[in-house]
Amino acid sequence: MRPVQRQYLKAFIPAMLAYVVVIFASAFIFKKVGPDAPIYLRAALSFAPVIPIIFVCRALFRFLRDSDELERKIELEAIAFSSLSTGLIFITLGFLAASNIIYLNGAMVAIFVFPALFGLYGVAKYFTSRRYR
């Protein structure tokens with residue numbers, strides 16, 4: 001493993017672990033305080049999981065910045081595929097919901113866009129990196 005990859009994992013793994021802990025903790029606390037809690041508390045619980053994700057994004061940006069040309073090309077193709085595929089999936093779901101074929105909860109859709117983006121990025125990166133080996 002190259003130093004840039006080790007550095008990325010050193011930043012990425014703790015940030016993702018923090019995200020998992022914070023999202024479960026904030027959901028648990030929100031269930032305890034309920035929807036009638038003060039707005040500042042509900043807002044804080046809603047924003048709390050975003051903070052570790054900012055560190056995940058920071059780690060990815062640093063990885064891209066410090067990567068060589070081939071890694072950047074692989075990353076760019078994976079990000080492009082992920083972005084376009086995620087957009088296509090969610091616009092299709094939006095059209096289906098607008099036609100009353102399916103029901104979508106807007107909050108759940110908003111929550112799942114970023115994980116879908118990252119999941120498709122991982123799949124695309126796997127296949128893109130295999131092509132360049």
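The model is predicted, so local features need pLDDT of at least 70 and side-chain atom pairs count only at pLDDT 80 or more, while totals for chains, interfaces and linings use all residues. Residues are numbered from 1 along each chain as its sequence is written, and side-chain values use heavy atoms, with hydrogens and water left out.

Is Ser82 buried or exposed? Ser82 has a relative accessible area of 1%, so I noted it as buried (under 20% relative accessible area; exposed is over 50%, partly exposed in between; 1.4 Å probe, protein chains only). Leaving aside neighbours within four places in sequence, Ser82 is in contact with Leu117, Leu120 and Tyr121 (contact: heavy atoms within 4.5 Å).

**Thr86.** I then went to Thr86, also found in helix H4. Thr86 counts as buried at 4% relative accessibility. With neighbours within four places in sequence left aside, I listed Val113, Ala116, Leu117 and Leu120 as the contacts of Thr86. The C-alpha atoms of Thr86 and Gly119 are separated by 9.6 Å, the two residues being 33 apart along the chain.

**H4 as a whole.** I checked the length of H4, residues 69-98. Its 30 residues should span 44 Å at 1.5 Å a residue, and the end C-alpha atoms are 43 Å apart, which agrees (expected span: 1.5 Å times one less than the number of residues). The buried residues of H4 are Glu71, Ile74, Glu75, Ala78, Ser82, Ser85, Thr86 and Phe90. An α-helix has 3.6 residues a turn, so residues three or four places apart point the same way. I find the buried residues of H4 packed against helix H1 (3-33), helix H3 (50-66) and helix H5 (106-131).

**Ends of H4.** At the N-terminal end of H4, Asp68 is the cap, with a side-chain oxygen 3.3 Å from the backbone nitrogen of Leu70. Just after H4, I noted a positive phi of about 60 degrees at Asn100.

**H3 against H5.** How do H3 and H5 pack, and at what angle? I read an angle of about 30 degrees, with the axes 13 Å apart (axes are lines fitted to C-alpha atoms, for helices over the stretch in contact; angles run from 0 to 180 degrees between N-to-C directions). That makes H3 roughly parallel to H5 (under 35 degrees; over 145 is roughly antiparallel, 65 to 115 roughly perpendicular, the rest oblique). Ile53, Val56, Cys57, Leu60 and Phe63 of H3 make the contact with Phe114, Phe118, Tyr121 and Lys125 of H5.

Notes:
Helix = DSSP H or I, 4+ residues; strand = E, 2+ residues; numbered from the N terminus. Polar contact = N/O pair within 3.5 Å; in protein donor to acceptor, adjacent residues only side chain to side chain.
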